[in-house]
Amino acid sequence: MIGAVHISPDGLTGIYLLSAICFILALKALSSPRNARYGNLVGVAGMVVAIALTFVVQKPGHDWVIGAGMGLGALVAVPAARKVPMTGMPQMVAIFNGVGGGAAAVISLSEYLHELPLGVPAQKGVEILFALVVGCLSFSGSAVAFAKLQELMTGAPVIYPGQQVVNAIVALAVVALGVTIVVTPHLIAIVLLLVVALVLGAAVVLPVGGADTPVLISLLNSFTGLAVAADGFVLDNMILVVAGTLVGASGGLLTKMMSDAMGRSLPNIILGGFGAAPAGGAEVAPGAEGRSVRSGDATDIGTLLAYSRKVIIVPGYGLAVAQAQHVAVELARALEARGVEVAYAIHPVAGRMPGHMNVLLAEANAPYEDLEEMDQANDEFPSTDVALVVGANDVVNPAARDNPGSPIYGMPILNVDRAANVVFLKRSMRPGFSGVDNALLYDPKTILLFGDAKDSLTRLLAAVKAS
Amino acid sequence: MINDAVDLLVVFVLAAFVGFEVISKVPSILHTPLMSGSNAIHGIILVGAMFIASQAEGALQMVLAFVAVFLATLNIVGGVVVTDRMLDMFKGRQQGERKAPPDKADPKP
């Protein structure tokens, strides 16, 4: 009988310590490929222990609200997380992070309402408002990031004149409202603060370019951690402080690692590193119309591949969309069987999340040692006969290296233009996720094969086998 | 129960150090799974939502508590399932283990 179990509040803290250790071990394991899966399980164990014990120990009340909320939550989350295709993972992380921030904000609001009749002391007021504001930022910011990645809105940066001034004013309004509320607690003011904080979260994310969104999601993830920690102070709850702080700190560090992997600085990403975009983008487009592209047929390209000495496959988002990883690997095997040297060049942010391509190719059983990271691949392109670009664009755009006026200037790229031939498998002439035109498409040594990546690769495979 | 703000502050500072140290070196292929995994961990806010629910007074606080529990559950369950699916993709590689890179194993001086 649960009723017979008496755990003192001190006992609860002791058991929370167990959960805290689980979370630390989980983060540790998640950062090495060998133990990552085990890490996720240890995290779940920590959570189950903390939640079950909280349920047993805390004074009973409104259990049906808790049960209904958890039941409905699980009912919605499991199918959503199971059904989404691998290509949609980054936006799922965004939305599941956003709801966590939302929960943190709602909790602090509810606690504020609970305390209001008795008067809210300044220290508690600060803790509550911090959780509220940061939670709201994370919620609305994640919602906009989700909309960008899900293509409910444009993935390109949304920029207007004076944007940073407007954002600064909104941020100041948040601070001013916060100070006012701490000095004189007031219900209407806190609702207003909630709205302004939501606006700020969306406003900060709007100018961030689609390709930078994963880094931003990581930052918002760290924010949610901090909001959770603040709620831990509000509710005097040790496990919330520990878990929230762990995520806040490790998430901050992870954000830095991710932006370093893209060769971008974090302020650059957040403050609209693409600020120069409209001018640069407009200049490129008219020039593009005058140039012609060379499109080939599958038989020609298949022959070119079959008689090459060395081919490097460069996968991108298009490969993920078309679920073409298995055919790509099959093509590589067919070429290797003919004595062609084949490797895969993986850009750290190809696709829409770091590691996206590694994951897909691993699924298709591509040999681990054939996956080359950016630096290694860039050493090899000059001695490569054909760079086969499957549904990638921005990560091979030489403008990022050569054209200081380009919005993506400074992003490290795979130098496929240094290979003797470049073959692009593309659905259309549509530019990449960043919305920037790619001059390499018009290069004389480039051949385009239009169509769905899986379909094109299947035709290339047939052509290679036939030649 | 630790209910002294100073005690919590000590916990906070120590946890921040642990958070920084524990993920000091992460290969780029694990950036996204790690982000997703830590995303699930802050779903522990569910504990806070349960507390709010237990002390709720009146309809408004009740509704807020329900919303908080619902959102926090989405965070945990969705975060864990998404992370699991991402990590699932690494299974194939684990069996092969890391073979030494066959080509150009650069000779040590």
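This is a predicted model: local features need pLDDT of at least 70, side-chain atom pairs count only at pLDDT 80 or more; totals for chains, interfaces and linings use all residues.
Residues are numbered from 1 along each chain as its sequence is written, chains are lettered from A and ligands numbered from 1 in the order in which they are written, and side-chain values use heavy atoms, with hydrogens and water left out.

The C-alpha trace of chain A spans about 80 × 55 × 35 Å along its principal axes. Of the 467 residues in chain A, 57% are buried; here buried means under 20% relative accessible area, exposed means over 50%, and partly exposed lies in between (1.4 Å probe, protein chains only). With contact defined as heavy atoms within 4.5 Å, 76% of the contacts in chain A between residues at least 6 apart in sequence join residues at least 24 apart.

The interface comes next. In the model, 87 residues of chain B are in contact with 105 residues of chain A. The two chains bury about 9,000 Å² between them, with 75% of that area on carbon and sulfur atoms; buried area is the accessible area (1.4 Å probe) that two parts lose on being put together, summed over both. Between chain B and chain A there are 13 residue pairs in polar contact, both residues being at pLDDT 80 or more. A polar contact is a pair of N or O atoms within 3.5 Å; within protein, one must be able to donate a hydrogen and the other to accept it, and residues adjacent in sequence count only if both atoms are side-chain atoms. Helices H1 (5-22), H2 (31-41), H3 (45-55), H4 (58-88) and H5 (91-96) of chain B each supply at least two residues of the side that touches chain A. The largest share of that side, 28 residues, comes from H4(B). Its residues divide into 54 nonpolar, 22 polar and eleven charged, with Ala, Val, Leu, Ile, Met, Phe, Trp, Tyr, Cys and Pro counted as nonpolar, Asp, Glu, Lys and Arg as charged, and the others, Gly among them, as polar. H2(B) is largely enclosed by the rest of the structure, because eleven of its eleven residues are buried; among them are His31(B), Met35(B) and Ile41(B).

One salt bridge is counted between chain B and chain A. In this bridge the side chains of Arg37(A) and Asp84(B) meet at 3.8 Å, N to O. The pair runs from helix H2 (residues 36-57) of chain A to helix H4 of chain B. Arg37(A) is partly exposed at 32% relative accessibility, and Asp84(B) is partly exposed at 26%.

The structure also holds one aromatic pair over all chains; rings of Phe, Tyr and Trp (its six-membered ring) pair if their centres lie within 6.5 Å, with planes under 30 degrees apart counted as stacked, over 60 as edge-to-face and the rest as tilted. The rings of Phe233(A) and Phe12(B) have centres 6.0 Å apart and planes at 70°, so the pair is edge-to-face. Phe233(A) lies in helix H8 (residues 213-234) of chain A and Phe12(B) in helix H1 of chain B, so the pair joins two chains. Phe233(A) is buried at 13% relative accessibility, whereas Phe12(B) is partly exposed at 27%.

Within chain A, Lys124(A) forms a salt bridge with Glu115(A), the closest N and O atoms being 3.7 Å apart. Lys124(A) is buried at 18% relative accessibility, and Glu115(A) is buried at 16%. Another salt bridge joins Arg459(A) and Asp455(A) at 3.9 Å, N to O. Both residues lie in helix H18 (residues 453-466) of chain A, four residues apart, about one turn of the helix.

Most residues other than glycine have a negative phi. Glu151(A), however, has a positive phi of about 60° although it is not a glycine, and lies in the loop between helices H5 (122-149) and H6 (163-183) of chain A.

Terms used: A salt bridge is a side-chain nitrogen of Lys or Arg within 4 Å of a carboxyl oxygen of Asp or Glu.
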